[in-house]
Amino acid sequence: MTKQIDLFNDQSSQIIVGVDEVGRGPLVGDVVAAAVILPEDCQLPLNDSKKLSEKKREALFSEIKQQAIAYSIQKASPQEIDELNILQATMLAMSRAIEEVAQQSAFDLAMIDGNRCPKTTHPCVAIVKGDSKVPAISAASILAKVYRDRQMKDLDKQHPEYGFAQHKGYPTPAHLERLKSLPILAEYRRSFKPVRVLLEPV
């Protein structure tokens, strides 16, 4: 259900859940979505996660979870991404996050960062660059970003030769060069072209 909303109208009477995702571009790992309901008096210095240092994101990650009325961090696996495509898998992760938050607390409107809403029975609006306009979306972007970066650090500990802690799974030149001489792990998205090409018979 999609709903139009004027961002500049007073929303103080509405309970908002902010939703954002991270990890659409990498070749490896989950796409992660988070949904957050913040208290009205939240004073956290929130911003788009990409504009914050890693140290600041880590600090806010804990503070958001402590202060949030409700939150959820959900994901879609590499296998789901390969089966559905990355856009539909992203929408699935967002839907999962919204539905889990709905089990924790009532809300009036889901605000999604981007230009489309996932399938949900709840009123929903998509806001381009919402992570820099709506605090609850900013909070969701931070939760999703820190969660996924931690996943990549864990994978790096298991397979340090791939450099996941540095490139976070994105197709950097260094990552692509390493892939030429390393096995394709189960965590890779086989439908993504750089991986698919390497898996094709010579």
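Guide: Helix α1 (residues 54–67) and helix α4 have axes that come within 9 Å of each other and cross at roughly 115°. Such axes are lines fitted to C-alpha atoms, for helices over the stretch in contact, with angles from 0 to 180 degrees between N-to-C directions. Helices (H or I, at least four residues) and strands (E, at least two) are DSSP runs numbered from the N terminus. The crossing of α1 and α4 is left-handed, a term for a near helix turned anticlockwise from the far one by less than a right angle, clockwise being right-handed. On the α1 side, the contact (heavy atoms within 4.5 Å) includes Leu60, Phe61 and Ile64; among its α4 residues are Ile142, Leu143 and Val146. By class, this contact has eight nonpolar, no polar and eight charged residues. Here Ala, Val, Leu, Ile, Met, Phe, Trp, Tyr, Cys and Pro count as nonpolar, Asp, Glu, Lys and Arg as charged, and the others, Gly among them, as polar.

The model is predicted: local features need pLDDT of at least 70 and side-chain atom pairs 80 or more, while totals for chains, interfaces and linings use all residues. Residues are numbered from 1 along each chain as its sequence is written, and side-chain values use heavy atoms, without hydrogens and water.

Next come the nonpolar cores, which are sets of buried Ala, Val, Leu, Ile, Met, Phe, Trp, Tyr and Cys residues joined through side-chain atoms within 4.5 Å. The largest has 33 residues, and Val17, Ile112, Phe164 and Tyr188 have the most contacts inside it. Helix α4 is one of the elements that each supply at least two residues of this core, and its largest share, seven residues, comes from α3. Apart from it lies another core, of 28 residues, including Leu60 and Val146; these two residues also take part in the contact of α1 with α4. Val32 belongs to this other core as well.

Val32 leads on to Asp20, which touches it. Asp20 is in strand β1 and is buried, with a relative accessible area of 3%; buried means under 20%, exposed over 50%, and partly exposed in between (1.4 Å probe, protein chains only). Asp113 and Ala144 are also among the residues that Asp20 touches. Glu21, likewise in β1, is in contact with residues including Val32 and Ala144.

An unreviewed UniProt entry lists Asp20, Glu21 and Asp113 under "binding site". UniProt positions follow the numbering used here, feature names are shortened, and annotations may be inferred rather than shown by experiment. Although spread over 94 residues of sequence, the three cluster in space, the largest C-alpha distance being 7.9 Å.

Note on methods: Lists of a residue's contacts leave out its neighbours within four places in sequence.
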